[in-house]
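Subject: Structure for your files

Dear colleague,

Here is the structure I said I would pass on. My notes on it follow below.

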Amino acid sequence: MAHEWRRGDYLISTDKSRLDLAVIHGFITTSYWAPGIPMETVKRSIDHSLAFGLYKGDSQVGFARVVTDYATFAYISDVFILEEFRGQGLSKWLMEVVAAHPDLQGLRRWLLLTRDAHGLYQKTGFTEPKTPERYMEKFFPDVYERAAKE
C-alpha cells in the first residue's frame, strides 16, 4: 500500500509507479556514491526497496530509498534533492517522513553512509556508530566502471 504526505506544493509518495527513473538515474549516476551506475541496477535497487519520491506537481525533485526487512533493520540510500529545490527544508522533511513511515517503526537498527550530510541525518536521530570496531564491509567502488568495460 502506497503512503503519501503533503506540504504546500510538495508531495512525498511511496507509490513506485510515480517514480521518474530518468530523474533518479540521472542524479545517482553523477553522484559521489555511485558514479556510472547502470539504469538496470537503479531499477533493480528500487524494485527491492521501499522508495520515497518527492514531487512538485508532476515533477520529481527528490528521492530516498530504504533497504529493509521491515522487522529489524533499515539501510537508507540514494537520498537527494535536485539542486534547484535545495534550501527549502525538503531534505529534512523527506528524512522525517522516512523515519516516521508506519512500516519502519520498532526497528532495532538503522544505518546509512554519507560523505557530507551528517548534520541533516543528526536531525532525525542518527549518530556516529557506537561500536565502529564491529562494522565490516566489502567495498567495490569501481564496480560500475569495471562492468561497463566488460
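Strands β2 and β3 run antiparallel and are joined by four bridges; two strands are taken as paired if DSSP finds at least two bridges between them. Helices (H or I, at least four residues) and strands (E, at least two) are DSSP runs, numbered from the N terminus. In this pairing Leu11 stands opposite Tyr55 of β3. On β4, β3 has an antiparallel partner as well, with seven bridges joining the two. There Lys56 stands opposite Ser59 of β4. The β3-β4 hairpin has two residues between its strands, and Gly57 in it takes a positive phi near 65°.

This is a predicted model, in which local features need pLDDT of at least 70 and side-chain atom pairs count only at pLDDT 80 or more, while totals for chains, interfaces and linings use all residues. Residues are numbered from 1 along each chain as its sequence is written, and side-chain values use heavy atoms, with hydrogens and water left out.

Overall, the protein has five helices and six strands, in the order β-β-α-α-β-β-β-α-β-α-α from the N terminus. Its radius of gyration, taken over C-alpha atoms, is 15 Å, which agrees with the value near 15 Å for a compact globule of 150 residues; the globule rule is 2.2 Å times the number of residues to the power 0.38. The C-alpha trace spans about 40 × 40 × 30 Å along its principal axes. The accessible surface is about 9,500 Å², 51% of it belonging to carbon and sulfur atoms (Shrake-Rupley method, 1.4 Å probe; for residues, only the protein chains shown count as cover). Of the 150 residues, 37% are buried, where buried means under 20% relative accessible area, exposed over 50%, and partly exposed in between (1.4 Å probe, protein chains only). Among contacts (heavy atoms within 4.5 Å) between residues at least 6 apart in sequence, 58% join residues at least 24 apart.

The largest nonpolar core has 40 residues, and Ile24, Phe52, Leu54, Val66, Ile76, Leu94 and Tyr121 have the most contacts inside it. Such a core is a set of buried Ala, Val, Leu, Ile, Met, Phe, Trp, Tyr and Cys residues joined through side-chain atoms within 4.5 Å. Elements that each supply at least two residues of this core include β3 (50-56), β4 (59-68) and α3 (90-100). The largest share, six residues, comes from α3. Strand β3 is mostly covered, with six of its seven residues buried. Leaving aside neighbours within four places in sequence, the contacts of Phe52 include Trp5, Ile12, Val66, Leu94 and His101.

Ser49 lies in the loop between α2 and β3 and counts as buried because its relative accessibility is 7%.

Two backbone angles deserve a look. Most residues other than glycine have a negative phi. Tyr70, in the loop between β4 and β5, has a positive phi near 65°; at 41% relative accessibility, Tyr70 counts as partly exposed. Asp78, in strand β5, also is not a glycine and has a positive phi of about 55°. With a relative accessible area of 9%, Asp78 is buried.

Regards
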